[in-house]
Each structure stands twice: as structure tokens, then as C-alpha cells.
Amino acid sequence: MIELVSSLMMVAGIGFYLAGSIGLLRLPDLYSRLHALTKADNLGLGLLAAGLALHSQDVFIALKLLLVWLAVLAASAASAHLIARHAHRKEAGS
Amino acid sequence: MLTTQLLYGLTSCLITALGLRTALLHPSLLHRVIGINVLGAGVFMILITIAYRGPDVPPDPVPHALVLTGIVVAVSATALALALARRLTAEQSND
Amino acid sequence: MNATSLLVFDGLLLISIVSLAWAALASPDARRSVILFMAFGLVLAVAWGRLLAPNVALAEAAIGAGLSGALLLVAVGEQSKHTPHDGAVPVGKRNALRVRATLQWFITLLCAALAATLAWALLHALDSATNERLAQAVSENLAASGVSNPVTAILLNFRAHDTLLELAVLLTAALGILAIGTARPDYQRAGPVFDGLARWLVPVLILTAGYLLWVGAHAPGGAFQAGATLAAAAVVLRLAGKRIIGLPQAGTLRVILAAGAGMFLVVGLTLLLLGRPFLGYPPAWAGSLILLIESAAMLAIAATLVVAFLGGRSPAAASNDENNRC
């Protein structure tokens, strides 16, 4: 039962990663591409980490995975902001 | 020899050759530095493929130690190469 | 986990590794090359994990993908600043390597021959690998080495001389970088988002480095991975343009640089004076001595990578040297 739930969560996470990758390749603009990528980072990684935490059935591993997810969340948010701000300034400057 | 070793062994030789060719022939210095790093990665993969002995057997730790040393030496060589390139560019834009 | 699904996974992983390497090397744009190379390093770390090499996977992710990528990105950024806007040949291209087409084909052929020979030799060796291996000797002597992680035992006990020489190589690279150039200018003060991120990320990274150092004795980890994490913390600090807390001063940095190989020598020579072989730890003290050497090595590795990121000696120290010369 737990195996089924964790596998479903991991597959859903991978689905978000797929959506993010397709968005990266197909969307026209830098900002919309950044928007697509954050879906992969937030929900994709979150579901993947939750599925792995369930699969491992160990509290410490689950906590470490939670830490990993939070760190990636913060880092990707900050870097998306920095990229968008740089692009905006470059557009406004020229 | 396991299938895994066959696959990874062939890929590592391919990557080694790719990296070496770029390191020798590419016009841009930065690409040559990346080529040397890829060459190193190919050699590391050769070593770790030799160390792998199966999914349930603990791997041979000696090549792992060699690869760890190799990674650190590769990054210090990259750092020195980039510093040299920077100084070269600075010297040439002065004259 | 049956064999077919592993085979599919391996196939996909290897295809992405080769594609990323090819794309990174063949891309004409330097920045794109570097970013593809960083992606290559990360997928390579997954491959190391797949081949049951977690120590190497940690080191590859931290050093190979992370810090190499950061150094290359900084170099690319500088290169684009030097490109003149008046249409003159950019300085980098003046030194461009130009090789005749026939010679190119010849060298490509030679590289292909090298790949074929390597593959033949490797597969032949893997087929006939039934003789005694060093792994046997390692597992027999692991209990007396002072740690329970075999890779750490090899690096810091059984083959300690090699690690000493590796730290000497690091020191040489750092000395070269310090001698060749001056540090890059400081970054401007970061905005609230990156500043806020750096405020808690740097302490977490320092803590993680300490954890990796400690856990390296009995689980994947060790001085190299810890040193790379510390260097990453320093890079984040530098990028945030902080002026309240910065990196160590030039003098302190030089002492830390020398401390890696230096601690090895101190321990080795002390043991020599006490009548034991050079770097032959007494089994009761082996664990503590290894931890001591690893701490110094971690700091030295971090300091070398920081010096590499900075680009050279700091301007204050540079003008000091200029004054002292005449």
C-alpha cells in the first residue's frame, strides 16, 4: 500500500518535471520559461522527495529529504528572481 | 564481466576520446579546458567501472580513492589554467 | 528492481552523459558550453551513485559540477567584458588555435583509435579480473585503521603519502594563482532576495561542511567534500557582496593554504621523531590523527578554491609587495 502511494507520488513528480522541461523548450519568453521551471523545482521535487521519504520508511531520511527540498526551493526562488531582474534591467537599459 | 561494466566501459572510452579531441583541436581556450575536464571524467569512469563488482557486492574502494584524488587535482589544474588565460588576456589587451 | 529496468535506466543515463558531453564540447557559445558542462557533471554524479560510489558522487557534485562550473562561469563573464565593441578581433580569438583540416582529420582518427584500444584493453581486463586485488588487503586492515569508511581509510591512512602530495599539488596551484594575478573586484551589494538567502545559506553550508567532515569516518563524506562545501559558502558570501563579514584576510588565507600539507608534515615528522615510520599512525591514535589531518585538509582545500575564485592576491597585499620590492 505504501509502496503504491510512494510510486504514484514519484510518477506525479516526474510528470511535473516533464511539464517544466517542455515549458523550457517551447515557451517563447525568458520570463515564461522561468515560470515553467519553478513548477518543476517546487512541486516536482516536493512530490519526488515525499515519495522517496515514504519509500524509505525512516524518519531521519525523511527529514533530510525535507531539508533538501526546502534548500532547493529557496535557492531556485532566489536564482529565478536574480535571472528575471537581470533580464529586465538589460531590457530597460537598452 | 557484467553488462553494466560493458556499457559503462564503452561509454567511458567514448567520452575520453571526445574530451581529448576537443582539448587538442578546439580553437577556443575555454573549450579546451572543458575538454580536459571531460577527458578526466572519462578516465574516472574507467576507474569506477573497474571498481564495480555487482549490485549486491561492496565495490572495490581503492579506485574510488584514486578518483577522489583525481577530481581535486583536476579542479586545481582547471583553476590554474583559467588564471593563466586571464593573465594572458590582460597582457594582450595592454599592447 | 529487475535487470531490464536497470538496463533501461543505465542506457538512458549513458545516452544523456554522452549527449551532454558532446553538446558542451561542440557548442560555439562559451557560456552555453559551461552550463552544459555543469549539467554533465551533475548527471555524472548520478552515474557514480548508480555504480555504488557515494563518496565520489558527493565529490563530483560539489567539486566537479559546482566549483569547476563556478570558476568557468566567472572566466566566461570576464571574457565577454573584454570583447571590444568596435569590431576589432576579440583578444581571445587572437590566440585561437588554427589547425589545418587534414591534421584535424588525422588527430580525430587517432583519438578514435585511442578509444577503440582503450575499450579493447578495458573489456579484456574486466573479463580476466580474477586475481588478488587490493580491496582484500583493505578490508583485512580496516579495523586497525581508525575509521570504518574504507575510502577514508585508504586516503588518510593506507595511502596517506598520495594525499600529502595531492595537497601539495593544491598548494602549488594556489601559489601559481596568487603569483599570476590580482583578485577580481568586489561584487556590488546584493539586493534583499539574495542577501536574505545568503544570510541563512552560508551558516547552513558551514554546518554541512562540518557534518561531512565528521561523518566521513564511518559513512560517505570526508575532507574533500567538506572543503568544497566550505568553498561554496565562501563563494556565496563573496557574491552577496557583504562588507560586514567577508572572507579571511590575505595573510590568514596564506596560512590556511599552507596548513593542509603542513599538518601532514607536522604529524609525519612527529611520528618520525617518536620512532615510528613517516605517517605510520599508532592504532590507538589513528582515528584522532586522521580527524586532525582531515580538518586541516578541509580548510586548505576550501582556501585554495576560494583563492581560485577570487582570481589572485588581494589588491592591498599586491601594493604591499610592490612597495617591498624596491
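Me: How should I read burial in this model, and what share of the 326 residues of chain C count as buried?

Reply: Burial here is a matter of counting neighbours, since a residue is buried if 20 or more other C-beta atoms lie within 10 Å of its own. In this predicted model, 40% of the 326 residues of chain C count as buried.

Me: Which elements make up chain C, helices or strands?

Reply: Chain C has 13 helices and zero strands, and its pattern along the sequence accordingly reads α-α-α-α-α-α-α-α-α-α-α-α-α.

Me: Turning to the chains together, which pair of chains shares the most contacts?

Reply: Two pairs of chains are in contact, and of these chains B and C share the most contacts. Chain A and chain B, by contrast, are joined by no contact, and their closest C-alpha atoms lie 18 Å apart.

Me: How many residues does each chain bring to the contact between chain B and chain C?

Reply: The size of an interface is often given as the accessible area lost when the parts come together. Counted in residues, this contact takes 63 from chain B and 77 from chain C. On the side of chain B that touches chain C, α1 (3-25), α2 (29-51) and α3 (61-94) of chain B each supply at least two residues, and α3(B) gives the most, with 25 residues. By class, that side of chain B has 41 nonpolar, 18 polar and four charged residues.

Conventions. Residues numbered from 1 in each chain as written. Chains lettered and ligands numbered in written order. Predicted model: local features only at pLDDT ≥ 70, side-chain atom pairs only at ≥ 80, totals over all residues. Helix = DSSP H or I, 4+ residues; strand = E, 2+ residues; numbered from the N terminus. Buried ≥ 20, exposed ≤ 12 C-beta atoms within 10 Å, placed from the backbone. Contact = placed C-beta atoms within 7 Å. Nonpolar A, V, L, I, M, F, W, Y, C, P; charged D, E, K, R; others polar.
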